[in-house]
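Subject: Structure for you to look at

Hi there,

Here is the structure I said I would pass on. Please open it alongside this email and follow along.

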Amino acid sequence: MLTQQDLHDKLSAEIPDLYNAIVTDTSNGCGQSFDIVVISNVFQGKNKLQRCRLVNKVLKDQVAQIHAFGCKCYTVEEWGKLVA
């Protein structure tokens, strides 16, 4: 069973210039559904699809083990505007 920490560790190891990764288990702890917010300047100049593909590539093996997966990707500047 995957945990939030497993996904966070993988993202931390594989996403360049990672500012933060917020991983939420939306399956009430059974590890089958996750929502992820990834904040990194590696997304600068990339559209939404390119950003999600980058994250999906990093988490390919993990995503194959779960039922549902949602991902949102932001640059540090974009994230700052959302949480301000």
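Below are my notes on the strands, the core and the salt bridges.

A word on the basis first. This is a predicted model, in which local features need pLDDT of at least 70 and side-chain atom pairs count only at pLDDT 80 or more, while totals for chains, interfaces and linings use all residues. Residues are numbered from 1 along each chain as its sequence is written, and side-chain values use heavy atoms, with hydrogens and water left out.

Let's start with the strands. Helices (H or I, at least four residues) and strands (E, at least two) are DSSP runs, numbered from the N terminus. Strand S2 covers residues 33-40, and seven of its eight residues are buried. Here, buried means under 20% relative accessible area, exposed means over 50%, and partly exposed is in between (1.4 Å probe, protein chains only). Strands count as paired if DSSP finds at least two bridges between them. S2 runs antiparallel to strand S1 (residues 18-25), with seven bridges joining the two; Leu18 has Ser40 in S2 as its bridge partner. S2 is also joined by seven bridges to strand S3 (residues 68-74), and that pair runs parallel. There, Ile36 is partnered with Cys71 in S3.

Next, the inside. A nonpolar core here is a set of buried Ala, Val, Leu, Ile, Met, Phe, Trp, Tyr and Cys residues joined through side-chain atoms within 4.5 Å. The largest such core has 19 residues, and Leu11, Ile15 and Val55 have the most contacts inside it. At least two residues each come from H1, S1, S2, H2 and S3, and H2 gives the most, with four. Take Leu11 as an example: setting aside neighbours within four places in sequence, its contacts (heavy atoms within 4.5 Å) include Val23, Ile36, Val38 and Val55.

Beyond its neighbours within four places in sequence, Gln62 is in contact with Leu2, Leu7 and Lys10.

Side chains of opposite charge can pair when their charged atoms come close. A salt bridge is counted when a side-chain nitrogen of Lys or Arg lies within 4 Å of a carboxyl oxygen of Asp or Glu. How many salt bridges does a search of the whole structure find? There are three:

- Lys10 and Glu14 meet at 3.8 Å, N to O. They are four residues apart in helix H1 (residues 4-14), so about one helical turn separates them. Glu14 is partly exposed at 43% relative accessibility, and Lys10 is partly exposed at 26%.
- Arg51 and Glu78 meet at 2.7 Å, N to O. Because Arg51 lies in helix H2 (residues 48-58) and Glu78 in helix H4 (residues 76-83), this pair ties together parts that are 27 residues apart in sequence. Arg51 is buried, at 9% relative accessible area, whereas Glu78 is partly exposed at 30%.
- Lys81 and Glu77 meet at 3.5 Å, N to O. These two are four residues apart in H4, so they are separated by about one helical turn. Lys81 is exposed at 63% relative accessible area, and Glu77 is exposed at 53%.
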